[in-house]
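This report examines one protein structure, which should be kept in view while reading.

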Amino acid sequence: MSYQSATGPIGAEGRYWDALQEGRLELPRCTGCGQWHWPAVWRCGACGGWDHEWVEQPIKGEVFTYTRTHHPFGGAEAFTKPFSTLVVTLKSVPIRLVGVLEGDETGLRIGAPVTGTIARTAFGDAQIPALRWSLA
Ligand SMILES: [Zn+2]
């Protein structure tokens, strides 16, 4: 029971990365009890089931919390400082996802509605898909 992504076996969340690479946000739900899981798991902690379905989600939510980065650090070289990183509670399912805010930051606050897009970010020599948020 292992998921083989386009780049090799990368764990229970492989489907997430492959879907993001193809331009969709998909998250896993246990087919036994309906529990949403993120990070992805092989086995549901609520009912013990092994089967999950991956369901496409709209990339919309509201700011749960955020932090502003003013100083450079490894892995964030591509971002113009300062930049803000958001933890967003999705509107459609009770899951929170992280991504960098792009565009105008006027109105940034906890609870602000945001919409997301799928961009690419540098990770070592690779370009990997990543969520970017914009204030709605
Ligand atoms: Zn379950």
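## Confidence in the model

The term pLDDT denotes the predictor's confidence in each residue, on a scale from 0 to 100. The model discussed here is predicted. Its chain has an average pLDDT of 90, and 93% of the residues score at least 70.

The lowest mean pLDDT, 51, belongs to strand β1 (residues 4-5), whereas the highest, 98, belongs to strand β3 (residues 26-30).

## The zinc site

Four cysteines hold the zinc ion through their SG atoms: C30, C33, C44 and C47, at 2.3 to 2.4 Å. Along the chain, these donors follow the spacing C-x2-C-x10-C-x2-C.

Why is the arrangement of the four donor atoms around the zinc ion called tetrahedral? The donor atoms subtend angles of 98 to 115 degrees, and four donors count as tetrahedral if all angles lie between 85 and 135 degrees.

Two of the coordinating residues can be described by their accessibility. C30 has a relative accessibility of 2% and therefore counts as buried, because buried means under 20% relative accessible area. C33, with a relative accessible area of 39%, is partly exposed.

## Aromatic rings

The structure contains three aromatic pairs. One of them joins Y16 and W17: the ring centres are 5.0 Å apart and the planes stand at 85 degrees, so this pair is edge-to-face. The angle meets the criterion, since planes over 60 degrees apart count as edge-to-face. Y16 is buried, at a relative accessible area of 6%, while W17 is partly exposed, at 31% relative accessibility.

The rings of F79 and F83 have centres 4.9 Å apart and planes at 35 degrees, so the pair is tilted. Both F79 and F83 are buried. Y16, W17 and W38 together form one aromatic cluster. Another ring, that of F64, has the charged end of R96 over it, 3.5 Å from the ring centre.

## Cis peptide bonds

W38, a member of the aromatic cluster, also takes part in a cis peptide bond: the bond from W38 to P39 has omega near 0 degrees. P39 lies in the loop between β3 and β4 (52-56).

The peptide bond from K81 to P82 is likewise cis, with omega near -5 degrees. Where in the chain is P82 found? P82 belongs to the loop between β5 (60-69) and β6 (83-90).

Note on methods:
Residues are numbered from 1 along each chain as its sequence is written. This is a predicted model: local features need pLDDT of at least 70, side-chain atom pairs count only at pLDDT 80 or more; totals for chains, interfaces and linings use all residues. Side-chain values use heavy atoms; hydrogens and water are left out. Donors are N, O and S atoms within 2.8 Å of the metal (3.2 Å for Na, K and Ca); water is not among the atoms, so sites may look incomplete. Four donors count as tetrahedral if all angles lie between 85 and 135 degrees; four count as square planar and six as octahedral if opposite donors are over 155 degrees apart and all others between 65 and 115; anything else is irregular. Buried means under 20% relative accessible area, exposed over 50%, partly exposed in between (1.4 Å probe, protein chains only). Rings of Phe, Tyr and Trp (its six-membered ring) pair if their centres lie within 6.5 Å; planes under 30 degrees apart count as stacked, over 60 as edge-to-face and the rest as tilted. A charge sits over a ring if NZ of Lys or CZ of Arg is within 6 Å of the ring centre and within 35 degrees of the ring normal. Helices (H or I, at least four residues) and strands (E, at least two) are DSSP runs, numbered from the N terminus.
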